[in-house]
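Work through the exercises below with the sequence and the 3D structure at hand. Each task is followed by a worked solution.

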Amino acid sequence: MTSWVELPAADVETAARLLLGWRLTANGVTVRLTEVEAYSGLGQDPASHAHRGVTNRNRVMFGPAGRLYVYQIYGMHFCANVVCGETGKAAAVLLRAGAVIDGVEIARERRPAARKDTDLAAGPAKLMQVLALDRSANDTPLLDGTGPASLAPPDEPAGDIEAGPRVGVTSAFDVAWRFWIAGDPTVSAYRRHTPRRRPDMSR
């Protein structure tokens with residue numbers, strides 16, 4: 001079995017690194033993962049959906065490993081995570097970006113706003129759009145070929161990997177658990193979180 005599947009939830013950042021370069025296929029398109037983001041549900045990561053324990057929404061994060069956790073943002077976009085760690089302890093890796101390596105024409109039809117092929121899956125919602133996956137793929141297997149999406153090992157090593165702060169979270173956003181293949185043009189643009197200032201009502 002693949003090494004990231006066997007890692008404990010406490011090593012979710014290692015699992016995230018190992019997932020880089022893996023190939024995700026769904027609905028006629030294959031994407032090579034170039035950017036991911038780790039989230040731990042062991043009580044020390046307030047940015048994780050599982051930080052406060054099991055809910056109907058995050059239940060899939062508690063295992064088994066190798067399943068897909070899909071959630072919706074802004075009421076219209078979907079994001080996909082690969083569940084990691086031993087059953088009963090929550091951990092997941094957000095799939096942030098990838099390079100379309102098969103089914104490029106189909107991907108272009110699904111993302112007509114993309115100016116370049118490197119932009120087709122350069123973001124978590126964009127990646128889901130090119131794969132035509134939505135909430136119906138939540139809690140489905142990735143490794144045995146029975147789910148709507150399948151995950152396969154890389155054809156070649158991912159190469160140099162860089163790490164930096166996470167994106168799009170309001171807690172623990174400076175934790176360097178976002179990993180990407182160095183120099184890859186499909187990696188999404190980084191925007192640092194800026195806390196909103198509350199108006200001074202004392203004046």
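**Exercise 1.** What volume does the largest pocket have?

The model is predicted: local features need pLDDT of at least 70, side-chain atom pairs count only at pLDDT 80 or more, and totals for chains, interfaces and linings use all residues. Residues are numbered from 1 along each chain as its sequence is written, and side-chain values use heavy atoms, with hydrogens and water left out.

Step 1. On a 1 Å grid over the protein atoms alone, a pocket is an open set of points where a 1.4 Å probe fits, with protein on both sides within 12 Å along at least five of seven lines; lining residues have an atom within 4 Å of a point.

Step 2. The volume is about 950 Å³.

Step 3. The lining has 33 residues, with Ile73, Tyr74, Arg96, Val167 and Gly168 nearest the centre.

**Exercise 2.** Identify the strands that pair with β5 (two strands pair if DSSP finds at least two bridges between them).

Step 1. Strand β2 (residues 29-40) runs antiparallel to β5, joined by 10 bridges; Val31 has Val100 as its bridge partner in β5.

Step 2. Strand β4 (residues 77-83) is also antiparallel to β5, over 3 bridges, and Asn81 is partnered by Leu94 of β5.

**Exercise 3.** Is β5 mostly covered or uncovered?

Step 1. Buried means under 20% relative accessible area with a 1.4 Å probe, protein chains only.

Step 2. In strand β5 (residues 91-102), 10 of 12 residues are buried, and the strand is mostly covered.

Methods: Buried < 20%, exposed > 50% of the residue type's maximum accessible area, 1.4 Å probe, protein only. Helix = DSSP H or I, 4+ residues; strand = E, 2+ residues; numbered from the N terminus. Pairing = 2+ DSSP bridges. Points joined across faces, edges and corners; volume = space filled by probe spheres on them.
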